[in-house]
Amino acid sequence: MSFPKDFLWGAATAAYQIEGAYNEDGRGPSIWDKYSAYHGNTRYNETGHVADDHYHRVDEDIAIMKEIGLKAYRFSISWSRVIPEGVGKVNEKGLKFYSDLVDKLIAAGIEPIATLYHWDYPYALHRKGAWLNDDSSEWFLEYTRVVVDALSDRVRYWATINEPQCVLGCGYWGGFHAPFQQAQPCDLLIMGRNVLLSHGKAANYIRNHAKKTPIIGFTPIGPSYIPKDDSAEAIEEARRKTFSTEGEGFTFSLSYWSDPVFLGKYPDELYEDYGDMVPEFTDEEWKLVTEPLDYYGTNIYYSQGGPKGVEGYPENRYQGAPESHIGWIVAPEVMYWSAKFLYERYGKPIMITENGMAEHDWICLDGKVHDTYRIDYTHRYLKEFRRAAEDGVPLVGYLHWSLMDNYEWAEGYTMRFGLVYVDYGTLKRTIKDSGYWYRDVIESNGEKL
Ligand code: FCB
């Protein structure tokens, strides 16, 4: 068995990482605009104020997608471009940008996949307490309504919140993403409750009000463990760890976010650790949180390491182990095991909503970008994803991260993840070798792998 006929071969981006035009046409500021330029919050105090200037170069970028032969494109919507204050007055120009984007994608034969929230929280609502405020899920619903009413006559594929683990874990627990805070568990649990409720209200609204029959997903991330060997015990151990809230704690865990949505309960470990600090949902709220979804969207990059062994390496590393420029371990089998474990537990078809690697790319003397490692990485990961299909896991699609080099959050512009190279001085785009390789893979529906 290979990739299904209607498999969505695509690429992904996020608004703040590519759009730029941060103060144009009525856009309001997000937490990234406000906080990324100071105190070494980001590696070189860089912002996404210009980024790839996609806002002004959208036609060129769609022409590139067409050249690569993408069948699908996942983008996110900047909440504060659409509603500058987060709630209240809608910025029609901002909304039109996305509506035009959708029209252009469809005209190019590319399926739009819209993510409602990819980390660029409106600063005006941040000042009101953001996710800690119990009105936050209503704010999110209001924003969802505006977007869904405007785009759902053409958009079929929806993702609600990208990597809720990072929303809380990176932004409010570790403090290495905007708003660069470190909150206490009691507050984090309330925020998590509001994020889950926001997801549920959005999914429920899309389901009941979208003009085209929607296909809705949630897009959490790992941890993803690979069994140490083929034994039943090792497989069980990897499965257990994948869904445990131990390790880096509940904000970064998978089950804290996915069990409520897909199984209608928090994981038991959460009660063991926090007892009655865990804020409950009412029955009515549970109904929203568990709004049935159509696919499980997951971003998979690397395998999780276990505790350090004698040599000081975690389980998934060893001397000379391959890692990408950003330091993430290259472990293709994680595609197989994650897809398998996620399908077993949640029973939904799997869409890889992000996968890719940062490399030390540059333009070579011949004017091209020879990114052989990215080709090899993607080849290996895709083969493992296909192996999951051979084992009975239904696959929806694969979206490479990223279409083009972009603003990699706290790393600024130092990490290049694109199939397309961007010269940040001139903003010139150059399709890398991997982009052309991916075109052939898409053309053969994966047969080439
Ligand atoms: C994911 C994010 C995405 C990008 C990649 C490299 O965690 O969703 O925006 O930064 O990592």
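Leu427 sits in the loop between β9 and β10 (429-431), where strands (E, at least two residues) and helices (H or I, at least four) are DSSP runs numbered from the N terminus. The phi of Leu427 is near 65 degrees, a positive value in a residue other than glycine. This is a predicted model, in which local features need pLDDT of at least 70, side-chain atom pairs count only at pLDDT 80 or more, and totals for chains, interfaces and linings use all residues. Residues are numbered from 1 along each chain as its sequence is written, and side-chain values use heavy atoms, with hydrogens and water left out.

**Backbone**
- Leu427 is buried, with a relative accessible area of 10% (buried means under 20%, exposed over 50%, partly exposed in between, with a 1.4 Å probe and protein chains only).
- Asp25, in the loop between α1 (15-18) and α2 (31-35), also has a positive phi, near 50 degrees, and is partly exposed at a relative accessible area of 36%.
- Most residues other than glycine have a negative phi, and most peptide bonds are trans.
- A cis peptide bond with omega of about 5 degrees joins Ala178 and Pro179, and Pro179 lies in the loop between α8 (164-173) and α9 (185-209).
- Another cis peptide bond, with omega of about 10 degrees, joins Trp401 and Ser402, the latter in the loop between β8 (395-401) and β9 (420-422).

**Helix packing**
- The axes of α3 (residues 54-68) and α5 (residues 92-107) come within 11 Å and cross at roughly 10 degrees, axes being lines fitted to C-alpha atoms, for helices over the stretch in contact, with angles running from 0 to 180 degrees between N-to-C directions.
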